[in-house]
Amino acid sequence: MDPTFELVEAIRATDNAVYLLDQRQLPDIVDYLPCTTGQDVIQAIQVLAVRGAPAIGIAGAYGLWLESRRLRDTPNFHDELKKSAEQIQSARPTAVNLSWAVRYALSHVQSLGVDDTIKTLKQIADQLLAEDVALNRQIGDWGLSLFDGKVSLLTHCNTGSLATGGYGTALGVIRSLFREHRLREVFVDETRPLLQGARLTAWELSQEKIPARLITDSMAGSVMAQHLVDGVIVGADRIALNGDTANKIGTYSVAVLAHYHQIPFYVAAPLSTFDANALSGADIPIEMRNPDEIRKLRGVNIAPEEIETYNPAFDITPGRLITAFITEKGVIRPPFDKTIRDMVSGNAP
Ligand code: MRU
């Protein structure tokens, strides 16, 4: 294992606190935000100090553990803990990993006493963090099987160590290709409005000296038209049973461009990102965010203060624009209506 791949840790836990790498300040400042209550974690998730679907799931599980410590002497301990769980899991609505992780953790402690609940919740959060890294490495291995020879890829948003327990999903596949000397270069969409591509993905890739070129979102079509990329690879916040996929705003545009240019479009995500309750993209709630995220750039006005905005954090890429999903258990190909159900219910495709 190459130790340089372990450089970035979005989430660190000690015996009495959780430290979240404050991603708002990257790439300028590397600073960890201490959290000692569930509210601290909710706040960090909402302001995107911690972000990315798997990372907010893990942070949510740690938030529940912190709540169990805070509520230790409360008479109706389990009722109060359940309320906290509901608050944590609704901190952001789109990434299903958050509610999945919180519900998973809660389901393991319902019949336990207070001390055992606290201990178990910490163990579960630690386990989710460690397992996520292992899952991502498996996603990386499966991803290798999709490409022949040396490839150039385009990616959107940040799906790396910062967005996960470590290694990354789509960026994990990119890391695996690089490790195998099969990556020519990566084109990184800057990802307006919050610049997760420019600030975070470009930062992760630069640290590891993975060859990359940063582009504005509007350049993706031109890059494809000039045959500079062999494929697109992105992550996901929630995947419906028909393959419709919620991911960072702008992903849909990239998928349409890839389709037009007949370039394969891959989505890399753990199975916990698939939502068995969502039949299609219409069932996926899309988070709307503060207008100032569009009107301002790092605090500086770039538009009239009074202009109305439309600021969804995510969009839905229809399953028919997706070539395949890369999961820890294997690659899922169309027809997604059948293959996703088979995979989610535990049957390999
Ligand atoms: O708003 P963000 O930064 O949390 O959005 C993140 C994304 O859309 C990622 O692509 C997705 O969560 C997958 S991360 C492995």
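## Sheet

Two strands pair if DSSP finds at least two bridges between them. Strands (E, at least two residues) and helices (H or I, at least four) are DSSP runs, numbered from the N terminus. This is a predicted model: local features need pLDDT of at least 70, side-chain atom pairs count only at pLDDT 80 or more, and totals for chains, interfaces and linings use all residues. Residue numbers start from 1 along each chain as its sequence is written.

Strand β5 (residues 183–189) pairs with β6 in the parallel sense, over four bridges. Within this pair, V186 stands opposite A212 in β6.

The open sheet has seven strands, ordered β6-β5-β4-β7-β10-β14-β15, with mixed pairing. From one strand to the next, the twist averages 25 degrees.

## Helix on the sheet

Helix α5 (residues 114–144) packs on the sheet and touches β10, β14 (324–327) and β15. Contact means C-beta atoms, placed from the backbone, within 7 Å. The direction of α5 makes about 140 degrees with that of β14. Axes are lines fitted to C-alpha atoms, for helices over the stretch in contact; angles run from 0 to 180 degrees between N-to-C directions.

## Around D275

D275 lies in the loop between β10 (265–268) and α10 (292–295). D275 counts as buried because it has 20 C-beta neighbours inside 10 Å; the cut-off is 20 or more other C-beta atoms within 10 Å, with C-beta placed from the backbone.

Leaving out residues up to four places away in sequence, D275 touches V96, R238, I239 and A240. W100 is 175 residues from D275 along the chain, yet their C-alpha atoms are separated by 9.1 Å.

Terms used. Buried ≥ 20, exposed ≤ 12 C-beta atoms within 10 Å, placed from the backbone. Contact = placed C-beta atoms within 7 Å.
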